[in-house]
Amino acid sequence: MKGESKVFLKSRMKWIGLLGLVLSAFSLLVHFLLAGFTDDSISDYSIPVTIFSWRPVFDNPRFARHTPLYRRLWGPTRHVETLLPDANPRGFHSDPPARTNGFVFVRIQGGFHEIRNSIPDVVAVSRLLNATLVIPEIQSTTSSKGISSQFKSFAYLYNEEHFMASIANDVRVVKTLPKNLKWARRKKQIPSFKVSYGSSPYYYLHHVLPVLIKHSVVELVVPHGGCLQAILPSDLEEYQRLRCRVAFHALQFRKEVQELSTKVLQRLRPLGRPFIAYDPGMTREALAYHGCAELFQDVHTELIQHKRAWMIKRGIVKGKLSIDSAEQRLAGLCPLMPEEVGILLRAYGYSWDTIIYVAGGEVFGGQRTLIPLHGMFENVIDRTSLSTSWELAKMYGREAKHKDIKTMTPPSVEEETKHDSLKSTRQRPQPLPPPPARPKYYNIEGWWGWVAESDNEPESTVIELRTNAHKLLWEAIDYVVSVEADVFISGFDRDGKGHPSFASLVMGHRLYQSASAKTFRPDRKQIAMLLEEIRDHMYEANHTWITSVRKLLKRSILEGLIESSKRSKAFSFLSHPVPECSCITRTNPVSNASLIEANLGVTHHCPQWMDGVVSQRSKDNYKNAEKEEDLDEEDSSSSGLFFGHKESGGNSNNNNETVNSEANNKEEGQLEDQEELEGSER
């Protein structure tokens, strides 16, 4: 009996083991089938933000959109709501002839904003010369080793096919030069012009055109971004609209960049909340050019001064090496620090849980510079928090691995000490030879800066060249997000050559695409004066100061727009493409036509089909505004609650801020209308 029971037990165990294997195989099969169905759409999960480093924190998940506070913080600017984009030709516009004067080959140098500013100018110049345009070459991609061979030069950033199709009725475009001319270019046998910033049409017609006709090809080198003057004569106004058609319609980012930009935008709007895009504009070149080194109190000052010395030696900067940064700041010539921008936004009424997207490339000084902004706003993020490494790798394409791509590591303290001791004790022959330029390394917030013993900038390594190419794609994402943002504000709008920067192009695109979208253009000089008043008690501002800031920021929306037509447009047409590329609707609930015509010069009426686009929306907005004007103004809360923040240990500050927000809805609604009416009267 015992033997039979053992055999039965063994056979039973075998069957159980076999059943387990069958179930395991079945579960694996089901797993693979499910993975196959969900692989393509896993990145588009309904709550995609949960797979990233950003975890949004909100005081109240429900976001009220029909309050005076919401309309003041996020609502459209009513006085320019009837201003619409219209870049179509307004007179006779001939197609490009089949036979042209020759080929124009263009090499564009510089960063993202310089490239984007140059391409519309190049197209306009090609039409002016009756030339065939060869797809422009972007130097920062062609000279970089190790970038993907899938995307070369122009196609690394923009959709080449869409670009060619969009301007086919304006300019003849080809991808490459004919073989004989391509060979001549490689041998440097074709005439070349290094075009200065903002060259006049006269220069092209009297200097470039004769050479083009003679040789059938010219090469234009655009080193500074923008090769055609911003303001053209009235008889060339159609060329301005051509610039708009190129910049805002033809220049579409390639598919991979556009897809990731769309995903970042979707992940930025959890629960349908609006967000602010903020461009600090704090680049090393801009700080050096404008003499703002002393805004930092550490080795960053030395780095900026070294760059300024380099610029002076090459004639980029005409001033002195040492300059008073405090005076520059009070004159409005230095960027607003992130801490100062945070204070302005809190003073205007944005709560601590407002989403702020930091755009415009790397901030000089690293994340440490943004710490005060993080302290005032919980949800401060950038593209790195909203994208994964594999998504970025897909955008870069397959990149070759190079043996010379090595991470630069600074010498250790022991090596430096040993080197210095040997240098001081070693006997040297006389006379001493000149010492080699040896970089000194400083550990600055996780990245390694350098201050060389000579005035020359170090040569870029292969990894730095590749990173420069990647920066174009990063800033392309930031550009899309900034243009589509509910609110945009910049800390600075000038680059390292004194020209309009990334922020200027964003503001120009927003003005063209949606003029009523809230865009702050703060007067840095007035802001600096206001901030000096509370320098010793910056986080304890009183009600009078807060009201002054709100009025100043509110006026900057409309008055800053008018001022930019005088200040920015002279340097870059794309930073202010009005009135040439805009029109006004015929149906206005309130007569704003005279305001737009007087201050912005827009007299062209939109086609009739556009009138219905904003008619009903404008009526609703003005009806709400009339209700807000009837509200009584109430005193705001004490300054002690002004910078209230969520505490992990309790809800007292939450309750205070909620009560404060509800108590100020009426005041803020009326303040909006009063200040907007004051701006229109001016």
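**Close-up views of a predicted model**

**View 1. S516 sits in the loop between α19 (502-513) and β14 (518-520).** The model shown here and in the views below is predicted. S516 is buried, with a relative accessible area of 8%. Leaving aside neighbours within four places in sequence, S516 is in contact with P76, T77, V80 and E81.

**View 2. Helix α16 (residues 389-396) has the buried residues E391, L392, M395 and Y396.** Seen down the axis of α16, these buried residues fall within an arc of 140°, so they line one face of the helix. The cover over them includes α10 (255-268) and α18 (462-484). Exposed residues S389 and K394 are carried on the face turned away from the buried side of α16. Just after α16 comes G397, with a positive phi of about 85°.

**View 3. K175 and E161 form a salt bridge.** Their closest N and O atoms are 2.6 Å apart. K175 lies in the loop between β5 (173-174) and α7 (179-186), and E161 in helix α6 (residues 160-166), so the pair ties together parts that are 14 residues apart in sequence. How accessible is K175? K175 counts as partly exposed, at 42% relative accessibility. E161 also counts as partly exposed, at 47%.

**View 4. E340 and R329 form a salt bridge.** The closest N and O atoms of this pair are 3.0 Å apart. E340 belongs to helix α14 (residues 338-348) and R329 to helix α13 (residues 325-330), eleven residues apart.

**View 5. R555 forms a salt bridge with E559 in helix α21 (residues 543-567).** Here the closest N and O atoms are 4.0 Å apart. R555 and E559 are four residues apart in α21, so about one helical turn separates them. R555 is partly exposed, with a relative accessible area of 21%. E559 is partly exposed as well, at 27%.

**View 6. R107, E137, R185 and E219 are linked in a network of salt bridges.** Side chains of opposite charge can pair when their charged atoms come close. The structure holds 24 salt bridges.

Notes: Residues are numbered from 1 along each chain as its sequence is written. This is a predicted model: local features need pLDDT of at least 70, side-chain atom pairs count only at pLDDT 80 or more; totals for chains, interfaces and linings use all residues. Side-chain values use heavy atoms; hydrogens and water are left out. Buried means under 20% relative accessible area, exposed over 50%, partly exposed in between (1.4 Å probe, protein chains only). Helices (H or I, at least four residues) and strands (E, at least two) are DSSP runs, numbered from the N terminus. The arc is that of the directions from the helix axis to the C-beta atoms. Contact means heavy atoms within 4.5 Å. A salt bridge is a side-chain nitrogen of Lys or Arg within 4 Å of a carboxyl oxygen of Asp or Glu.
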